[in-house]
Amino acid sequence: MRPIDADALNMYLCELQMANLGEDDDYCETLNEVIHIVDGQPTILAETVEHGEWTVIEDDYAGLTLIECSLCHEEWCFEVDPDDLDLVNYNYCPNCGADMRERKET
Ligand SMILES: [Zn+2]
């Protein structure tokens with residue numbers, strides 16, 4: 001499945017309709033039907049991905065850094081500088097799937 005923005009699609013179809021108004025009535029009529037079909041489709045709530053962050057549990061665990069996911073608290077050992085967790089090269093928690101990248105301002 002590929003979720004799309006149905007409102008944006010209908011906006012585009014309306015623009016097409018306006019551009020062809022009075023020129024091709026059959027085409028405009030068909031566009032009108034398609035717009036109603038799109039409007040009638042069920043809305044699916046997009047799943048939101050939770051954000052988490054790595055937390056240092058122990059900075060010298062047999063020479064490794066022990067970190068945990070702030071959401072599921074699963075622990076992992078990494079050969080990474082405990083002061084620079086940006087070097088942990090997992091974008092998502094391998095256990096719960098939380099997005100571990102820094103939250104981007106939108
Ligand atoms: Zn997790």
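Predicted model: local features only at pLDDT ≥ 70, side-chain atom pairs only at ≥ 80, totals over all residues.

Mentor: We'll start with the overall picture and then go through the parts.

Trainee: Okay! How many helices and strands are in the chain?
Mentor: The chain has 2 helices and 3 strands. Reading from the N terminus, the order is α-α-β-β-β.

Trainee: What about the radius of gyration of the chain, and what would a compact globule have?
Mentor: The chain comes out at 25 Å, while a compact globule of 106 residues would be near 13 Å. The box filled by its C-alpha atoms tells you about the outline too: roughly 75 × 25 × 20 Å along the principal axes.

Trainee: And what share of the residues is buried?
Mentor: Buried residues account for 6% of the 106 in the chain. As for contacts between residues at least 6 apart in sequence, 33% of them join residues at least 24 apart.

Trainee: Which domains does the domain assignment give?
Mentor: The assignment gives domain 1, covering 6–39, and domain 2, covering 48–106. Their centres, taken over C-alpha atoms, are separated by 48 Å.

Trainee: Let's look at α1. Why does its length agree with what a helix should span?
Mentor: Helix α1 runs over residues 6–20, and at 1.5 Å a residue its 15 residues should span 21 Å. The C-alpha atoms at its ends are 21 Å apart, so the two values agree.

Trainee: How many of the residues in α1 are buried?
Mentor: The count is 0 of its 15 residues, so to speak a helix that is hardly covered. Just after α1 comes Gly 22, with a positive phi of about 80°.

Trainee: New topic: the strands. In what order do they sit in the sheet?
Mentor: The 3 strands form an open sheet in the order β1-β2-β3, with antiparallel pairing. β1 (54–61) and β3 stand at the edges with a single partner strand each, so one side of each has no neighbour in the sheet. On average, neighbouring strands of this sheet are turned by 25° against each other, ignoring direction.

Trainee: How many bridges link β1 and β2?
Mentor: β1 and β2 pair in the antiparallel sense over 5 bridges. Glu 58 has Leu 66 of β2 as its bridge partner, and Tyr 61 stands opposite Leu 64 in β2.

Trainee: What lies between those two strands?
Mentor: A hairpin turn with 2 residues between β1 and β2, and Ala 62 in that turn has a positive phi of about 55°.

Trainee: And how do β2 and β3 pair?
Mentor: Strand β2 (residues 64–69) and strand β3 (residues 75–78) are antiparallel, over 4 bridges. Thr 65 has Phe 78 in β3 as its bridge partner, while Leu 66 stands opposite Cys 77 in β3. Their hairpin has 5 residues between the strands, and His 73 takes a positive phi near 65° there.

Trainee: Last one: which residues of β2 are on the covered face, and which on the uncovered one?
Mentor: Thr 65, Ile 67 and Cys 69 make up the covered face of β2, and Leu 64, Leu 66 and Glu 68 the uncovered one.

Technical notes:
Residues numbered from 1 in each chain as written. Rg over C-alpha atoms; globule rule 2.2 N^0.38 Å. Buried ≥ 20, exposed ≤ 12 C-beta atoms within 10 Å, placed from the backbone. Contact = placed C-beta atoms within 7 Å. Domains from an automatic or database assignment. Pairing = 2+ DSSP bridges. Expected span 1.5 Å × (residues − 1). Axes fitted to C-alpha atoms, helices over the stretch in contact; angles between N-to-C directions.
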